[in-house]
Amino acid sequence: MPAETTSASPTHAAHDPYSALRAVDCRRLIVANLVSSLGMQMQTMVVGYDLYGRTGSAMSLGWVGLVEFLPVVLLVIPAGHAADKYDRRKIMILAQSLMIVASLGMGWLSWTRGSILLIYVCLGLTGIASALLRPSRASLLPRLVPAEHLQNAVTWNTSGLQIASVSGPALGGLLIYLTGQPAALYLLDALCGMSVVAMLSRMTPQFVPGAAKKATMGSLLAGFRFVRDTKLILASITLDLFAVLLGGATALLPIFAQDILKVDARGFGLLRAAPAVGALVMAMMLAHRPPMRHAGRALLGSVAGFGLATVVFGLSRNPYLSFAMLLLVGALDNVSMVVRSTLVQTLTPDSMRGRVSAVNSLFIGSSNELGAFESGLTAKLFGPVASVVGGGIGTLLVVVAADTIWPQIRRLARLSDALPPSAIAEMSEIPEPV
């Protein structure tokens, strides 16, 4: 770990891949996000494995996505307004506490073979917590580093999330194999949540109260208007939205693992971890390389490659080929994630970052849950292979449409080229972390 300093000094002589990590609160947030994601990845894996094992129904996996999606739709926009008005760190602590309660509840229900309906109730509580957490977590990061290090912070934060995504499913699959008891994973998720609360409590980010005025319909919808009028953000969100919504390979992995690829719990854990392994490798490459020189073309190409790899995965009957395609899916998804996240945070004034991050969470984050429901439904109607292959083809068509509607994407070179001088001046006023 690099030596701790009070600020990350900009340099034009050479690219510093660790610039964001030199800020103590940024480092704490990245580690907290890593641990939180580790617990959630284990919970996501074990819920699908537990419910499918008890019901044998593909729709049981689809209902998981829908139950977690509905609270996000209803609450994420007010949560974004709250993130612009109140202390974002405290909102994150509240949300994480709700997740701890939900994990403990699902652990008890799994241990006692309790009501499946109550498991969905706990998942609904997790959805409420996610709605509160997402805008504050996304909009807090730019307050912890100077503007010139934001892309580096986004990349390292993404790397941390991918480390958790690698470790979570693999560790979860191993624990299920060793114990045969899913309840252990729910308990471990709760312990992860408790450690996250402890880390967040030690952070001291600058709090600017009252950045958002009293909640009105106009103020709540301000984030939508900003995204609509900022074409680069709108285009990048649209691309990621449909890629996640249509690319249902991971949502249907329990079915592919058990019924098509014929692998055991350890094999399922490895397949579930494959996208995160690919994303982690790509994130480390991006962190150690200078900023992208052709970010727009990288965004379009990565989403197109994501769709193509999804098609091949859906057609594969070989576990090794399927693993390779999931690696590629994760690596390409990480490229689009870094480009989109950096554009959203750098093009948005700090006073609106909560609401714009809420819109981003609504269309990107919730598309994971809605995509899981769509995948479960189409798998029930047409079979899992048709569901995944059709989603990959749909993703390719979305790339063609986006390139036609927003040609400015292809013309975007460096991400900094998207910034007007006024935005650069505003971001340069963000205090350096202490």
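Modeller: The model is predicted, and its protein chain contains 17 helices and zero strands. One of these helices, α4, spans residues 116–140 and holds R137. Is R137 buried, partly exposed or exposed? R137 has a relative accessible area of 24%, and a residue counts as buried under 20% and as exposed over 50%; R137 is therefore partly exposed. For the chain as a whole, 59% of the 434 residues are buried.

Which residues does R137 touch, once its neighbours within four places in sequence are set aside? The contacts are L29, N33, S36 and M92. L29 stands 108 residues from R137 along the chain, yet their C-alpha atoms are separated by 8.6 Å. In the protein chain, 87% of the contacts between residues at least 6 apart in sequence join residues at least 24 apart.

The largest nonpolar core has 104 residues, and L29 is listed with C26, L200, L239 and F313 as having the most contacts inside it. Helix α1, residues 24–55, supplies the largest share of this core, with 13 residues. F313, another of those listed residues, touches A249, L253, F256, S322, M325, L326 and V388, leaving out residues up to four places away in sequence. A second, separate core has five residues, among them M282, L286, V335 and V338.

Finally, the surface may be considered. The accessible surface of the protein chain is about 17300 Å², and carbon and sulfur atoms account for 67% of that area.

Notes:
Residues numbered from 1 in each chain as written. Predicted model: local features only at pLDDT ≥ 70, side-chain atom pairs only at ≥ 80, totals over all residues. Heavy atoms only, no water. Helix = DSSP H or I, 4+ residues; strand = E, 2+ residues; numbered from the N terminus. Buried < 20%, exposed > 50% of the residue type's maximum accessible area, 1.4 Å probe, protein only. Contact = heavy atoms within 4.5 Å. Areas by Shrake-Rupley, 256 points an atom, 1.4 Å probe, with all protein chains shown as cover. Core = buried A, V, L, I, M, F, W, Y, C linked by side-chain atoms within 4.5 Å.
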